[in-house]
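Colleague: I am new to reading models of this kind, and I would like to learn how to go through one with you, a feature at a time.

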Amino acid sequence: MYEVIDHVLNVQMGLGVPGWVIHLVRHVTVAGILLVIAPLQMLLLTYLERRIIARMQDRVGPNRVGPEGLFQPVADGIKMFTKEDIVPTASDRWVHLLAPCVVVAPVFLMVSVVPWGPELVPIDMNLGLLFFFAVSSVSGAGLLMAGWGSNNKFSLLGGMRAAAQMVAYEIPAVLSILAIVIVTGTLSLVKILNVQGGLFTSLNDVSSVPNLGLGWFVFTPVGFLAFLCFFISALAEGERTPFDIPEADSEIVAGYMTEYSGMKFGLFYLAQYVLNFLLCAITAILFFGGWQGPGVEWLHSRGVTASPDGSVVFTILANVLGLAYFLAKTYFFFFVMVWLRGAFPRLRIDQLLDFCWKFLIPLTLVNVVSATLWAIAIQWGSPQGLAFLEGMGEWARWGMAFALTLVINAAAYIGLVRVNETSGNQTTVAEDRQDRSMKTATLS
Amino acid sequence: MQLLVQVIFVLIAAEIVGAAVMVVTAKNIVHAALWLIASFCGVGALYLLLEAEFLAVVQVLVYVGAISILMLFAIMLTRHVTGKGAETSLYQRWWVGLIVAAVLFAAVIAPTVLAHPWETATAAPALPGETGQPAAMAGIVDLGRAFVEEYLLPFEIAAVLLLVGLVGAIVIAFEERAARRHIPTLAEEVAHRRQPE
């Protein structure tokens, strides 16, 4: 990228600009592309969601504007822009006005670290993964601002519920990712992706495996459990059914969005759909290899080593193929989200928090322990006083790690299911109702 | 380049101090909490300017993402939610607070100021070249090692302190099931009403 801009500006146009200008041009260009792509994703996703959910509910869905209703989101966007912007007189003007911005801005910052292909990386940060989750947690403040600033009880309830849910589910989400970080030993999304080559086992574990781009972490017991926990937490973070409690339309109108109209409402919608896209994308990247897939690595290596003319073609092909894999995986997860919306009713807030504290968090903690054992079995050796591990072959070490973590994780899962079942049976209906009234009283 | 960095530093510092002043002078307690978030963000930006990206990210994650949201949450649960009537005014003996704060701040900052080997006259460090990568920073690995080796005791004490806080919060919030008001189920209510007949 740097070389290309350098070539265009300095060689072809002969401007002789200094290096920092080239960096600036590069980053502004990338940011511009991302700022266009992210809203486009939102338009596409709203259309997809409406069509898929209509199909599941035996309806037709939007099919009038454009071929198969494809331009419906554009029409919706025009409607949003032309609507009157109503600010309630009793609201806190500035807080009400700033809240949508505080919700949208972090989501767009999150876009900046997501790798789309082998070389389609906006910013390769060493802390990419941590940055992603740190920034995503900021939007909780925006939700509370929206809920409080509107001066409406439904808004306030929605804002409180949203913040409670986000803070609670951040813990299992981050803990399940911690397992992947322990196994790979890095927080860089690019490095986590590069490791996921290979066939069934990642390149980190067994280096002799053929690199077919299929060494996804979901094939390991640690990665599989982490994937399940993370995806459930992602549903809660993205406020998807069955966790769409903050904007439960049948209870509190639209939650924190109740008093917003026009484009401010549109901004909340934009933030939500881009966030859902990003959560699906990060699921695909961490557990399903992102752009990794059969053929990408081969094309990419050809692109690097072949003759100057051929290399560009191969590099472009590798990136296009990687992008296709990445988007296919991401859209598949979004489809699963819509599917869940069609299949499940909404949870109550106490069920949501119970599920988080009594099931997800213990499970992810056990998973962190198994991830540590995995890392010990694969990476440790004589420096740590475990010289006998070095004597074993790569496959033997991998097999040992696999069996060990499989047993631990399966036992933890079965045990937790049993514990939660029995404790669920012991509470009578009356106690359950009391529980519920207690918890809703604290949250309302 | 040095000038640019200094200008950015002054802007960020002004933002932090301004927001912090707003925290203590804002009449509305929710506004005060929101200004505190702005101040925390400024500190994160300052870390970024110092090229301590890990600290910057953690500052945002912990202070903006968790602590200030919990603060807002607590305010909204305990205070009059609209924020009206939560007028803050200066305590009469405000100068006592000022002195205590100044002394505490001096106790923290003085050893650093006195003991740090200030390099005032050295040339500006070579900027990362346009072609090469910036030099490796003291990264997460070093930090993690320091926590479990050199600073193990403070680390563990902090962990125990947090645990104590957690247990205390649960003890305060916990209510015995038997002590709660009994809410009859529909079946119990029906049975209760039928009894007199």
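Colleague: How many residues line the second largest pocket, and which of them lie nearest its centre?

Modeller: This is a predicted model, in which local features need pLDDT of at least 70 and side-chain atom pairs count only at pLDDT 80 or more, while totals for chains, interfaces and linings use all residues. Residues are numbered from 1 along each chain as its sequence is written, chains are lettered from A and ligands numbered from 1 in the order in which they are written, and side-chain values use heavy atoms, without hydrogens and water. Rolling a probe the size of a water molecule over the atoms shows where empty space is left. A pocket is an open set of points on a 1 Å grid over the protein atoms alone where a 1.4 Å probe fits, with protein on both sides within 12 Å along at least five of seven lines, and lining residues have an atom within 4 Å of a point. Here 43 residues line the second largest pocket, and T46(A), F265(A), Y269(A), Q272(A) and Y273(A) lie nearest its centre.

Colleague: Which element gives the largest share of that lining?

Modeller: Helices are DSSP runs (H or I, at least four residues), numbered from the N terminus. Helix 11 of chain A gives the largest share, nine residues.

Colleague: Where in chain B is confidence lowest, and where is it highest?

Modeller: Confidence per residue is given by pLDDT, from 0 to 100. Among the elements of chain B, helix 5 (residues 140-148) is lowest, at a mean of 81, and helix 6 (residues 152-173) is highest, at 89. Over residues 126-136 of chain B the pLDDT is below 50. Where pLDDT is low, the predicted coordinates should not be read in detail.

Colleague: What are the ipTM and pTM of the complex?

Modeller: The predictor gives an ipTM of 0.76 and a pTM of 0.81, and chain B averages a pLDDT of 78.

Definitions and conventions:
Helix = DSSP H or I, 4+ residues; strand = E, 2+ residues; numbered from the N terminus. pLDDT = per-residue confidence, 0-100. Contact = heavy atoms within 4.5 Å.
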